[in-house]
Amino acid sequence: IGSRDFSSSDAFVAHCPSVRRKGGAMAGWDLEKLKKLQKGPSASRIGVKVEACTQWDPLSRELLGRLEENPAQLQAAERAADRILQTLSSICSGLGLVGDVKAFGSFSSGLKRGSSDLDVSLLTPQGAPQPDGRVALGQILQKLPSSCENVTKVFMARTPLIKFTDADSGLEVDFCINNQLGYRNTLLLSAYCEFDIRVKQLGRLVKDWAKANGLVGTAEGYLNSYAYMLLVVFFLQQCSPPVLPNLQLLAKEAVPVVDTKWDYEDVWDTKFFEDVGSMERSGNTMSVGELLVAFFLFYANFDFDRHAVCLRLSRERVPVNKFDLTTPTNKEQWYVEDPFDLRHNLAAQCSPQARAKILELMRAAGVSLGGGGTWREVCQPKQDDRHFIRCRVTASVTPLLLLDEFGPLGLQRLYYPRPLGLRAGAIGKVEPQAFLEFGSSRARRAAHVKNEVYIGDCQVIMMDAPVAAFEEATQAWNYDLHEAAPEARPPRGMPTSEALEAALAAPLPSDDDDDFAEGEEDKDDEHQPSMLWAGPPVLAYQ
């Protein structure tokens, strides 16, 4: 194939055809130039020599081995999902709720793993009377069978939902009302996965990498898993030749969906070309290993200051100006547009520190894998037995109240923020929050039944927190450590029946409380009380 010069440093990697590995390093990669990329933005002109190959490279073989799933586990999860959908459909029909109960999200898009959660929504036909989501969910909650454990209300979210664990399968379920856009987004990703298996492969690998490196979660200032999938699809559309077409540009007939997520009625066009089985496949023959290296370096050198990740407008080698899109933005903020909800920039909550860390680890991963490194070296989950929940508290929510409330649910330690405890040198906006530590993910999940209950005068909004978020918080704020009394902990961290009953009997939000945050995001700052002294510590955590 010879040599090429790429005038666009943003796209040079995506335009590299298939390469082979010699002596552990991919032939054709200029490793000295790749190392320079690790130090910051690339030069405006980079030359890369590439050579064709006819066999998979060792990296791809390793990656495909990592992607193997247990067929029996997947089949069991699918059977459990079918049973759960039937149960929820029967409950909705019995309550007179019109519509179809549908699964969406990774479980339905072709990206599921045996351990994936099940996202479900009741979809009311367009034009039919729309039920009040919180009222309908409250009614459904009362009808759930005893096989639904750890039932949790999340009604303060912009999209209210109920969460529960299916006791027979262990499957975690999130159920909401009329998430029409979520369902259409799932169908779009499913179509891309059906078009080329490398979408599913690369998507799973990128999501695994982001999770292993603590780069997932808008509450922590990072991107969510769905945003990473949009990065994958956009990258594959930008390859030369493209791995993926733009299915939205190919569609002709509009598919309008009414959405009220932003507190007023929007009508979004959710059309895309759905008959992907009739389309000619891509001429791009890059292996999953080559694509993964190219993905990391493509975004490590992407011009986020000017351009957006936008599937809707994606054309090969044509950048999308982020300042021409619907939502106002600035030079520093990344822009990852939702394919249908044009008001939604999925990178809007991505912090400067998170953006820097994502780019740093992308550069490092691209250089390491391109230079003969292994997937295990760049995607090795940290082993840690600590499991945290975090929540904001008012002055009336003392450590003693939290210990009394969560001690019977398996709480081991409480980290309570000191008043005026901001550490010198803390970077960015820092908000003190209490951290509750549990001994297992099972105990932490069971404790979520207390979400949105009132403790003192505070309705507690609980969110899982990765260990990295806890460590970052303790670097920015001084905390006091309170040990939970061992006798207060039930065996294996399971909640008592009294605690479950009290959690489920908690009052619903009032009609005039309209301050809902997106997903399970934090509420607006102006509604948060100041942090005051709440009692003496057992010992200081510094």
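1. Basis of the model. The structure is predicted: local features need pLDDT of at least 70, side-chain atom pairs count only at pLDDT 80 or more, and totals for chains, interfaces and linings use all residues. Residues are numbered from 1 along each chain as its sequence is written, and side-chain values use heavy atoms, with hydrogens and water left out.

2. Helix 6 and helix 8. Helices (H or I, at least four residues) and strands (E, at least two) are DSSP runs, numbered from the N terminus. The axes of helix 6 (residues 180–195) and helix 8 (residues 225–238) come within 12 Å and cross at roughly 40 degrees. Helix 6 is therefore oblique to helix 8; angles under 35 degrees count as roughly parallel, over 145 as roughly antiparallel, 65 to 115 as roughly perpendicular and the rest as oblique. Axes here are lines fitted to C-alpha atoms, for helices over the stretch in contact, and angles run from 0 to 180 degrees between N-to-C directions.

3. Residues at this contact. Contact means heavy atoms within 4.5 Å. From helix 6, Asn185, Leu189 and Tyr192 meet Tyr226, Met229, Val233 and Gln237 of helix 8. The contact of helix 6 with helix 8 has five nonpolar, two polar and no charged residues.

4. The largest nonpolar core. A nonpolar core is a set of buried Ala, Val, Leu, Ile, Met, Phe, Trp, Tyr and Cys residues joined through side-chain atoms within 4.5 Å. Buried means under 20% relative accessible area, exposed over 50%, and partly exposed in between (1.4 Å probe, protein chains only). The largest such core has 72 residues, and those with the most contacts inside it are Trp209, Phe235, Tyr299 and Trp375. Several helices each supply at least two residues of this core, including helix 2 (58–66), helix 7 (197–212) and helix 11 (352–370). Helix 10 gives the most, with 11 residues.

5. Neighbours within four places in sequence aside, Tyr299 is in contact with Leu231, Phe234, Phe235, Phe304, Val309, Leu359 and Met362. Another core, of 29 residues, lies apart from the largest one; among its members are Leu88, Ile91, Leu118 and Cys148.

6. Leu420 lies in strand 13 (residues 411–422) and counts as exposed, at 81% relative accessibility. Its C-alpha atom is separated by 9.1 Å from that of Pro432, 12 residues apart along the chain. Thr87 lies in helix 3 (residues 71–94) and is partly exposed, with a relative accessible area of 29%.

How values were computed. Ala, Val, Leu, Ile, Met, Phe, Trp, Tyr, Cys and Pro count as nonpolar, Asp, Glu, Lys and Arg as charged, and the others, Gly among them, as polar.
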